[in-house]
Amino acid sequence: MDLRIINYFLTVAREKTISKAAEVLHISQPTLSKQLKELEEELGLRLFERGNRFITLTEAGIYLENRGKEILALVETTTTNLIKDEMISGEISIGGGETQAFEFIAAHLHELRSKHPDIKVHLYSGNADDVLGKIDKGLLDFGLVLDPVEKQKYEYLRLPLADLWGILVNDTSPLHSLKTVTPKDIQHTPLLISSQSLVDNQLAEWLGGNIDNFNVIGTYNLLYNASLLVKQNVASALCIDGIINTTETNLTFIPFSPSLTATINIVWKKNQVFSNASNELLKLLKSV
């Protein structure tokens, strides 16, 4: 399976018809049909269900579509970063969860691009599990993650920052007037919590050892949509401060007591061969 055939397959998956895909690819419809048939024969799998009007993907086809997009993205990034000249250029891909620490990274990216304007930056938002998975696959250069997270198999740099945990509440909540909240204060409050795999352990420890003793009605991976449920007073959300702007809204952030903070790390693959652009960013961060 070569890259050209992967591109053919992805084009058909996107356009939903052989005729439209052939037009986009500037090849004949019989040629494209033959290539797809040979791909299915090579894999020993059906990738498409051919309907009266549109083509739909089989389960195997959906898997190949997802993997094919990742393969082509990785090839494009690799090609771009191999083209080096006297100027520092290339692409930097950074993933991270919702944290004000991204402003710290943004300031360094601004400094870097002021000196080297040919550098391009790609951002990905997701929780630590999502980000580390993409680093493992080579789809991200760096990940910005909050502790607790398993960092043993990565290189990492602890940033001189920390995020503060607390609860986001609707202003009609009985908690609204409190300056801080304790585990006892929220024992019967409907709660939304982060779905990040290791956060449960940290929150469970703060809550007194067993999160099941609390009224957890759901989870979130990024806070914005969860905040909409808080606005409707469906639940309150255990979260990091500063992610949601509560100014002129019916929301209030209240910090935990005793306080709970999360250290912030930028991580990358061990033995990673960086582009010159990524190397320059890492130098800047290490100089802080």
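**Charged pairs and a nonpolar patch**

At 33% relative accessibility, Asp 136 counts as partly exposed, a class that lies between buried (under 20% relative accessible area) and exposed (over 50%), with a 1.4 Å probe and protein chains only. The model is predicted, so local features need pLDDT of at least 70 and side-chain atom pairs count only at pLDDT 80 or more, while totals for chains, interfaces and linings use all residues. Residues are numbered from 1 along each chain as its sequence is written, and side-chain values use heavy atoms, leaving out hydrogens and water.

Asp 136 meets Lys 153 in a salt bridge (3.3 Å, N to O), a term for a side-chain nitrogen of Lys or Arg within 4 Å of a carboxyl oxygen of Asp or Glu. This pair links distant parts of the chain, 17 residues apart: Asp 136 is in helix H6 and Lys 153 in the loop between strands S5 and S6. Helices (H or I, at least four residues) and strands (E, at least two) are DSSP runs, numbered from the N terminus. Lys 153 is exposed, at 52%.

A search of the whole structure finds 11 salt bridges. Among them, Glu 38 pairs with Lys 34, with the closest N and O atoms 2.6 Å apart; both lie in helix H3, about one turn apart.

Turning to nonpolar side chains, Ile 217, Tyr 224, Leu 228, Leu 229 and Val 234 form a surface patch with about 430 Å² of accessible area together. Helix H8 supplies the largest share, three residues. Patch residues have over 30% relative accessible area and no salt bridge; like charges are joined within 9 Å, and nonpolar side chains (Val, Leu, Ile, Met, Phe, Trp, Tyr) within 5 Å. Areas come from the Shrake-Rupley method with a 1.4 Å probe, and for residues only the protein chains shown count as cover.
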